[in-house]
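Let's take a walk through this one, from strands to helix to interface. Have the structure open as you read.

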Amino acid sequence: MLKIENLSASISGKKIIDNINITLNAGECLLITGQNGSGKSTLLHTIMGRPDIEAEGKIRLNDIMLSNLPCHARSREGVFMFHQTPPEITGVNTMTLLNEINKVNDNKYTRGNLISQANDLFLHLGLPTDWSKRQFNVGASGGERKKNELAQIELFDGKLLLLDEPDSGLEQTSRRYIFELIDRTCGRGGIVLLVSHDKDIQSKYSNILELKNGSSLR
Amino acid sequence: MDLHLGNINKLYVDADNVQYYIAPSHTDEVQEISFTFIQTEGKCSASIVVEPMTNSKSKVKINIFAENNAEVDCVCKLYVDVGGSETDVQIRSWPFDSSKIKARPEMRIYNSDVVATHGNALGTLKPQEQYYLATKGIDNYKELIKTSLLHEKL
């Protein structure tokens, strides 16, 4: 269960999120909508624990009080952030980064298994054959960077997925893949918070949080 | 025009007190000449001279990692002659802790009708990159860079 109580957040003294309350059970997905600047992404980053966000309130995932933990520790408790614009990281190749993520996920895969599963996924997602050897996102398009995020979700089953506009800028096949992934995550008891501007997908979800100026409209 | 070390007339490396130094081993197959220096303590210096053959182009990439109180002084001299357009030298340095890195790309251009480029970037990780890695559970950025530079070459 995810329980968020009286969550407010400020950046450089400016309040962005104001008194948000959310309760989600295992297997539930919440669609977060709202205009640009309404605080959708900031809400996800606050839950993730971005260091420059000053947050108040409680965030609990099952029996873990996430709001007491730094960002990397929240990740190790199963919180997965799908970034809207993942950065380039020079000097770090993709497979080395996946291997490090694997280590903090209790070595879910052996090294050989990780390489083989990751390469299969990259191929399936239509990424170049040498993707795993490339420096992380360096020179990659926005769509390729999002596919990198998708592959990570597929490899390391998060308990709580924070998806920041995962469907924007992707071709139809990959968009379909995202929604299959959300269904599968919910099917195994995971919880998903999905930010999207796409009006078409609103009919797919009954749980909707609409934000305006950082507050909940519904 | 192929890019490989077969086009190199002279390649000269003078390294003093370098702890970990990785250079290309299959010189007739690589497309890009790449060097990596990893220094965890003490002072070291390295001088790399690359002189491609006439009508050939070379791309040289140098990674330098330093930590603790290590000091690295590195210069790469790349000669650019007739037909050497697109010749490029790029140095990327990561000075962690209180280490110091002095890195200089130098191009000796002997013909005015070439387009040659160079770059020299120094710095560790930007806050946005650190946050991204933290969202993946990684808080030891220094080890990640070091491991990745070693794995890339070995």
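Which residue takes a positive phi in the hairpin of β4(A) and β5(A)? It is A:Asn62, with a phi near 55°, in a hairpin that has two residues between the strands.

A quick word on conventions. This is a predicted model, in which local features need pLDDT of at least 70, side-chain atom pairs count only at pLDDT 80 or more, and totals for chains, interfaces and linings use all residues. Residues are numbered from 1 along each chain as its sequence is written, while chains are lettered from A and ligands numbered from 1 in the order in which they are written.

**Chain A overall**

Chain A holds six helices and 12 strands; these are DSSP runs numbered from the N terminus, H or I over at least four residues for helices and E over at least two for strands. Its C-alpha atoms fill a box of roughly 45 × 35 × 35 Å along the principal axes. The radius of gyration is 17 Å, which agrees with the value near 17 Å for a compact globule of 218 residues (taken over C-alpha atoms; the rule is 2.2 Å times the number of residues to the power 0.38). Buried residues account for 42% of the 218. Buried here means 20 or more other C-beta atoms within 10 Å of the residue's own, exposed means 12 or fewer, and partly exposed is in between, with C-beta atoms placed from the backbone.

**Strands**

Two strands pair if DSSP finds at least two bridges between them. Chain A has an open six-stranded sheet with mixed pairing, in the order β6-β9-β10-β3-β11-β12. Its edge strands, β6 (79–82) and β12 (215–216), each pair on one side only.

| Strand pair | Direction | Bridges | Residues standing opposite |
|---|---|---|---|
| β3 (residues 29–34) and β11 (residues 208–212) | parallel | four | A:Thr33 and A:Glu210 |
| β1 (residues 2–11) and β4 (residues 53–61) | antiparallel | eight | A:Ile11 and A:Ile53 |
| β4 (residues 53–61) and β5 (residues 64–65) | antiparallel | two | A:Leu61 and A:Ile64 |

Nine of the 11 residues of α3(A) are buried, so the helix is largely enclosed by the rest of the structure. Among them are A:Met95, A:Leu98 and A:Ile101, along with A:Asn99 and A:Glu100. After α3(A) comes A:Asp106, again with a positive phi, near 55°.

A:Asp130 sits in the loop between α4 (111–124) and β8 (135–136) of chain A. Buried or exposed? A:Asp130 counts as exposed, because it has 10 C-beta neighbours inside 10 Å.

**Core and interface**

The largest nonpolar core has 82 residues, and A:Leu162, A:Leu194 and B:Ile64 have the most contacts inside it. Such a core is a set of buried Ala, Val, Leu, Ile, Met, Phe, Trp, Tyr and Cys residues joined through C-beta atoms within 7 Å. Leaving aside residues up to four places away in sequence, A:Leu194 touches A:Cys29, A:Leu31, A:Ile32, A:Leu163 and A:Ile182.

As for the partner, 20 residues of chain A are in contact with 20 residues of chain B, contact meaning C-beta atoms, placed from the backbone, within 7 Å. On the chain A side, α2 (71–76), β7 (89–93) and α3 (94–104) each give two or more residues. The largest share, five residues, comes from β7(A).

How values were computed. Contact = placed C-beta atoms within 7 Å.
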